[in-house]
Amino acid sequence: MLVLLVVAGLAMFLGLHMTTAIGGADMPVVITVLNSYSGWALCAEGFVLSSPLLTIVGALIGSSGLILSIIMCKAMNRHIHATILGVKGTISRAAGGASRPMDIEAQGEATTKNEEEVAEMLAHAKKIVLVPGYGVAVAKAQYAIASMIEFLRKK
């Protein structure tokens, strides 16, 4: 019973450690990694129960989740270890070709606009491209954007 509690505590610590340091953009990768872990757990269960079907299915789920996680990390220019451990920044190459995390530096100048200036810019624009992202969902701004799009289409 004590071993079960220790293993459950370690699993809880690992789960909290992996998910609390992850930023919003990395969350899909973490979900695929956790999916991969569930496959490897199923594979281990197949070994314990001497069930070849569980072992094969678990290995397929685990390996496909790992491959998908690596592909997603490459698409985001991040390393899988940096994503899982919550390291900020992208990958750069050190002398000798080894990859290392790099701090992100702001480039260019930021300009601020008030509501009237943005409304004037939208009113005089010929084409408008809106690219909603994760921040729109977090801010629950999708309804405001939908009403703005409906208003602009009527113009």
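1. Secondary structure. In this predicted model, the chain contains 7 helices and 2 strands. Read from the N terminus, the order of the elements is α-α-α-α-β-β-α-α-α.

2. Burial. The chain has 155 residues, of which 17% are buried. A residue is counted as buried when its relative accessible area is under 20%.

3. Packing of α2 and α3. Two packed helices are described by the angle between their axes and the distance between the axes. For α2 and α3, the angle is about 160° and the axes lie 7 Å apart. Angles over 145 degrees count as roughly antiparallel, and α2 and α3 are therefore roughly antiparallel to each other. Their crossing is left-handed.

4. Leu-34, Tyr-37, Trp-40, Leu-66 and Ile-70 make a nonpolar surface patch of about 420 Å². Both α2, which spans residues 27-48, and α3, which spans residues 52-75, supply at least two residues of this patch. The largest share comes from α2, with 3 residues. The pair of helices described in point 3 therefore also carries residues of the patch.

Terms used:
Residues numbered from 1 in each chain as written. Predicted model: local features only at pLDDT ≥ 70, side-chain atom pairs only at ≥ 80, totals over all residues. Heavy atoms only, no water. Patch = residues over 30% accessible without salt bridge, like charges linked within 9 Å, V, L, I, M, F, W, Y side chains within 5 Å. Areas by Shrake-Rupley, 256 points an atom, 1.4 Å probe, with all protein chains shown as cover. Salt bridge = Lys/Arg side-chain N within 4 Å of Asp/Glu carboxyl O. Helix = DSSP H or I, 4+ residues; strand = E, 2+ residues; numbered from the N terminus. Axes fitted to C-alpha atoms, helices over the stretch in contact; angles between N-to-C directions. Parallel < 35°, antiparallel > 145°, perpendicular 65-115°, else oblique. Left-handed = near helix turned anticlockwise from the far one by under 90°. Buried < 20%, exposed > 50% of the residue type's maximum accessible area, 1.4 Å probe, protein only.
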